Amino acid sequence: MVQLKNIDKFFADRRIFSSIDWHIRPTERIGLCGENGAGKSTLLKLLAGLVESDGGVLQIAKGTTFGYLPQDGLTHRGQSLFVETKSALTDLQQMESELRQLEKKISGTAETSELERYAELQQLFEQRGGYQMESEVGRVLHGLGFSADDFDKPCENFSGGWQMRIALAKLLLQKPNLLLLDEPTNHLDLPARDWLEDYLLNYPYAMVLVSHDRFFLDKVVSKIVEIWNGNLTAYPGNYTRYIQVRDERILALKAAKNQQDEEISKIEAFISRFRYQANKASQVQSRVKQLDKIERISLPPQRKKIAFTFPPPPKGGRFAVSLNCASQAYGALRVLEKVDVSIEQGERVALVGPNGAGKSTLMRLLAGVEEPVSGERIEGHNLLQAYFAQNQAEELNSARDVYAEIMADSPVAMVPRLRNILGAFLFSGDDIEKSVKVLSGGERNRLALAKLLLRPANLLLLDEPTNHLDLQSKQILLDSLKKYQGTIVFVSHDRYFVDALATRVLEVGGGEVESYFGNYGDFLRAKQSQGDASHSSDRVEKHVENNVAGDLSDDKQARIEAHSARKDQQRREQKQQKELKKIESDIEVLEETLSGIEQRMADPELYQDQDQWRQVSIEYASLKESLDGLYLKWEEIQG
């Protein structure tokens, strides 16, 4: 279908691709992975014909059509949403127009050739779905989150995220032979992502996509192509399988490299030893040639495993925050109507619902940054909250550099960890000296999130914290939040993140808020058991047992039990963290005591008194044994 042969690509003096070979076959679903800046977007643009290679050949099979979706920058104006989206089906519209013209002629007098053309065209129009054209446009628009009320609105009325949805809808309707998608889920809420997953799973042609959504990659792609050091490496399977196989491959490469390094060391030692001995000249030359022929093994970069721990949250009451009969409206628009929401200490609550349903409004009410038009907000005992809004980046001081900005609000205890935390949010090397005013929107958002997570709080309110984070940074944030001992309320459109973190889901929509125990997967199953497929899809049906739509009371009991199990797990984790802190404190005390004894033992006068020396030695050995025991226990708990 498409084949790349010895492709080179340079940006200034930097080599992006080094003689790469790649063959894309029909119906393949490929995910591109690699470090930021590795060349994923560049490769998509090269395939789309938007950039040219600096060497090599790009071979394209006859009849191949391309559809490319960039990350942003597309706008549509001048037509209504429905008309603009329907314009993607130009060929069908032209066929329809010709059919209407032929029908007029046939109704009068028509030549045989015109009748034959009409019959041929009508059959082709039907085969290509022309008679379902408008319903298909509506289906795709609905799937991507547009309502029927949006269809007649001018395209210029829609914001940037919705503009990208329009572009995606047009691409899906065109059905190119090769679909090239750069972060297609960036501007989609969870229901729209679910719909897109199903659509792409049934897409009849090839696709290559870049995504930082792990769940999306796991569901959609059947092959991962990793870009590293200018080369491509293919891994069969989805993203999770790629991680497993890649780790196995790196282990094998390390073993092979160690063996190769030993062999090279021996050869170099021989050359160095006998270089100037005439009777060994031929053997030395043979070794030099042997060394030149060795193809050196290079290892993919092992990104440093970065982690950070939240400052210990102050102890709070049983409930963190509550809304009692709260309503919120903006003019005539009623967003929330007499909702009751209670957040318990230790919960991890995800807010879900389509864009515009009121998730951010509910978050602002919980945070207290907006007052409800009626009802009340009640704070729990000793509440100390940290709120991350979608526009949090606007609070940054543009006069500082990155490191100065994060250090300005950092507790003293966190200062030694600041570089690690910045690294977790993709600021490393010279990046930390960048001025805040030159940062991109994504970089500003990441810095704002890093700053917020330094503050000790027992309630975190996070509105879209995963935006602009790559896969590893999301995992670092997720791991840290799972260890956090306080309460979390969050909005995220990353399905893997929500599934892994949430212990309860609040569905926001229609002015109401409904609670479901468990994570997003549990929520979908509960909705389906109630016969509500608004958040569901064929994909969910495949993963739900046939009898799940039985007795609702059984389902409710199952969800309660699942919630109870998660609470038990959370209590065990909290107990484990307390035990770890106690052990770490004991280790610190023992190490200080041992250090003092070692100083005494270094004093020659101690050895003049044999009894005292023996007593100190016994004490030292006993404390050392206790310390070793604590380290062993610490490792067991961590493991």
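A: A residue counts as buried under 20% relative accessible area, as exposed over 50%, and as partly exposed in between (1.4 Å probe, protein chains only). This is a predicted model, in which local features need pLDDT of at least 70 and side-chain atom pairs count only at pLDDT 80 or more, while totals for chains, interfaces and linings use all residues. Residues are numbered from 1 along each chain as its sequence is written, and side-chain values use heavy atoms, with hydrogens and water left out.

On this basis, 46% of the 639 residues in the protein chain are buried. The C-alpha atoms of the chain fill a box of roughly 130 × 90 × 55 Å along the principal axes. Its secondary structure comprises 20 helices and 18 strands, where helices (H or I, at least four residues) and strands (E, at least two) are DSSP runs numbered from the N terminus. Of the contacts in the protein chain with a separation of 6 or more, 67% link residues 24 or more positions apart; a contact means heavy atoms within 4.5 Å.

H6 is mostly covered, with 12 of its 15 residues buried. Just after the helix, Lys175 takes a positive phi of about 50°.

A nonpolar core is a set of buried Ala, Val, Leu, Ile, Met, Phe, Trp, Tyr and Cys residues joined through side-chain atoms within 4.5 Å. The largest such core has 52 residues, and Phe146, Leu172, Leu200 and Leu209 have the most contacts inside it. Another core, of 48 residues, lies apart from it and has among its members Ile406, Leu422, Ala424 and Phe427. Leu172 is also one of the residues touched by Leu200, together with Arg29, Leu179, Leu181, Met207, Leu209, Phe216 and Val220, not counting residues up to four places away in sequence.

The buried residues of H3 are Leu92, Met95, Leu99 and Leu102. Seen down the axis of H3, these buried residues fall within an arc of 85°, so they line one face of the helix; the arc is that of the directions from the helix axis to the C-beta atoms. The face turned away from the buried side of H3 carries the exposed residues Gln94 and Lys104. Helix H4 (112-127) and helix H5 (133-143) are included in what covers the buried residues of H3.

Elsewhere in the chain, 3 strands form an open, antiparallel sheet in the order E11-E10-E13. Two strands pair if DSSP finds at least two bridges between them. Strand E11 (333-344) and strand E13 (374-379) are the edge strands, each pairing on one side only. Neighbouring strands of the sheet are turned by 15° against each other on average, direction ignored. E10 and E11 are joined by 8 bridges, whereas strand E10 (residues 319-330) and E13 pair over 5 bridges. Ser322 has Ser342 as its bridge partner in E11 and stands opposite Ile378 in E13. The hairpin of E10 and E11 has 2 residues between the strands, and Gly331 there takes a positive phi near 65°. Helix H11 (residues 359-367) lies across E10, E11 and E13, running at about 130° to E10; axes are lines fitted to C-alpha atoms, for helices over the stretch in contact, and angles run from 0 to 180 degrees between N-to-C directions.
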